[in-house]
Amino acid sequence: MELIKTPRVENVRMLDRFNSKKPSVGTLYLTATHLIFVDPEGKKETWILHMHIASVEKLALTATGSPLLIKCKTFLCVTFVIPRERDCHDVFLTVQQLSQPMTIEELYCFQYTSCSDEVPKKSGWAYFDLHAEYQRMGAPNELWCLTTINKEYEICDTYPQYLFVPVTASTPVLVGSSRFRSKGRLPVLSYLHKNKAAICRCSQPLSGFSARCVEDEQLLNCILRANQSGKFMYVVDTRPRINAMANRATGKGYENENFYENIKFHFLGIENIHTMRNSLSRLIDASKLKVPSVNAFLNGLESSGWLKHIKAILETSYFIANAISDGTNVLVHCSDGWDRTAQTCSLACLLLDPYYRTIVGFQALIEKEWLAFGHKFTDRCGHVQGDVREVSPVFTQFVDCVWQLMQQFPSKFEFNERYLLNLHDHVYSCQFGTFVGNCEKDRLDLRLMDRTYSLWGYISSHIREFVNPLFKEEENGPEVVCPNLIPQAIKFWRGMYNRFENGVHPRENFMDLLSAAKDHSSSLEDHVQLLEKRISMLSELLGHADTPSKDIDSVINDSSMAESGSESENSGLFRSRDVRLRTSPGSHNNRHSYVSVVSDAESGFEDSKDNMSPQSVDSRLKNEGNALPTVDQLTEEINSVALNWKSLRNMRECICSTPFDHFSRKYHCWKCGDVFCMRCIDKNVSLPGHLSRQPVPVCRPCYKEIARSLSVETP
């Protein structure tokens, strides 16, 4: 806090590039973690996490004050006009220091504590197990085995401790190959398909112009023979050929085809991190034009080359996936094997395996291909001060590629666009320790599991936000996804790069409308199942009653007397009987409706030899764990579920005055049906009117009402 010299500045104007004549006027607050702008008149709050700030720039003085331009890694671009130049300078220096920590220990994740006890610090860290993931693929087996050669990170400190290699590869061969590969990143198993074809990954060889390594050649031959149906294998160099040739001058390069048997080499032309960094910068300039026009935007988008790079990554990934689908092994590398290799291997797995297209599977994919195999998140995301040439949007491109696939196959992915945006933002936020560090060894040395929260734990506690309502798990359909990669099929992701622009998005998020409809249907179906259960129980009692049209209340009272005042909760699920009931004549004028069974055969009580009384039937129901509720309990069950949900359309703000925009998720309370923001519907509770008794979202007033009723019922 000693860095904050000016914690609050009044009369600050926040400019809107689409409406410069009506800027927002409010107060700018500086905290240890956020820059907060509050506009009381417009009921608007803008929160900017310091770790999200990519750059801060003081612009030329104007007649109204000193402008401060802030650009974020989440593609938020905002200009604050501060009345006094001295205050502007203080804010500038403070934000600059807080957004660029000197060391990893200063990152936000080490100070962050969850405001809710529902997500413990340990939650999420144990979700992924590398051994279990390889076992799911079928390794180890007679062809692939686990090696502990890197147990203490002795061979390669950017690889995981446990690696899977061909059974026929001896320890001297593995050690010799690691010495011939950049950073010691020898060829190892990344993914094993059910047809026994494998994706392996490594870094470039230290071949120079003519060097060779017998052990490396033997290891590649072992990988080839690990697929008994394959006659050859591909070595995919994801770089442009000219880049690979240039690396030969530094003693690196690519494999010499004359030294490797039955191997086909392919260069697939994905540019390096520097080209990608410059491309994203030009893309941001094109999407943030002060005077936007169709020609200017399209020319800027074309000159950035961003979509061309996205297409190249997808084409390479599809080439790998297609080869694996045909039963051919593929070895993938770039320069050091942690940028383009991570992109293409993970996307190829995504195309091949439906498991990776689920929420849990996608997390496992990121843990395996990005975290375990050493993508340099700290360097590439600029978490701390360092060499700016190491910063590059490698993971941003991966997320963009996944979004491109989701646009073509909307029912193939369990997660939605909001999931990708949250994932992208938290990679840069450092709020969670999941993506801190450059490799597995770094994360162990920092003891992140003990000191920080996991992003996966947070996502699991907010899973309803991220489920794709169109997802359909096909058991017998084709598993491999074959994308259309013609230029017209590659789209500009407005939801990412223009996310914070007002007026450029639809009024309502289509997926949110579908999710609300799906949730509403789920609630009603659950409620109907409970009502069918109650009707079945009442019908059974009435079917054995002395009078066929006995008053329901009388039957319930009889059963209640048999209970001697005790109450038991309903538990378990069972299939309710389909019973047809009719209302007795004249019942509309009475306080109670009378229900009579149409016939013994129709009601399912054809066999009445036992002459069971209502009390004996109720006693049997209680023994089965399905005691008949009282009238008050029935009333509560019926009234606890909202039959009509308020429409999301034209909902401008929550009852707490929080405004809704295109990317603000609107939540329904399952009890009252009203619409709330995330902060006002942070409770989950089981509703008496649902048969499943699964916890569902409710607003705070409804939560208090349910809690009060439970406390009254509990002696």
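Colleague: What makes the charged end of Lys683 count as sitting over the ring of Tyr703?

Modeller: In this predicted model, the charged end of Lys683 is 5.4 Å from the centre of the Tyr703 ring. The distance cut-off is within 6 Å, together with an angle within 35 degrees of the ring normal, and the pair is listed as sitting over the ring. Arg136 is placed likewise over the ring of Tyr356, 5.1 Å from its centre.

Colleague: Thanks! Now the aromatic pairs: how many does the structure hold?

Modeller: There are 33 of them. One is Phe432 with Tyr458, with ring centres 5.5 Å apart and planes at 40 degrees.

Colleague: Why is that pair of Phe432 and Tyr458 called tilted?

Modeller: Stacked needs planes under 30 degrees apart and edge-to-face needs over 60; with planes at 40 degrees, the pair is therefore tilted.

Colleague: Which parts does the pair tie together?

Modeller: Phe432 is in the loop between helix H13 and helix H14, while Tyr458 belongs to helix H16, so the parts joined are 26 residues apart in sequence.

Colleague: How do you know whether Phe432 and Tyr458 are buried or exposed?

Modeller: Buried means under 20% relative accessible area. Phe432 has 5%, so it is buried, and Tyr458, at 17%, is buried too.

Colleague: And what makes Trp645 and Trp670 a tilted pair?

Modeller: Their ring centres lie 5.6 Å apart and their planes stand at 55 degrees, so the pair is tilted. Trp645 counts as buried at 13% relative accessibility, and Trp670 is buried at 5%.

Key. Residues are numbered from 1 along each chain as its sequence is written. This is a predicted model: local features need pLDDT of at least 70, side-chain atom pairs count only at pLDDT 80 or more; totals for chains, interfaces and linings use all residues. Side-chain values use heavy atoms; hydrogens and water are left out. Rings of Phe, Tyr and Trp (its six-membered ring) pair if their centres lie within 6.5 Å; planes under 30 degrees apart count as stacked, over 60 as edge-to-face and the rest as tilted. Helices (H or I, at least four residues) and strands (E, at least two) are DSSP runs, numbered from the N terminus. Buried means under 20% relative accessible area, exposed over 50%, partly exposed in between (1.4 Å probe, protein chains only).
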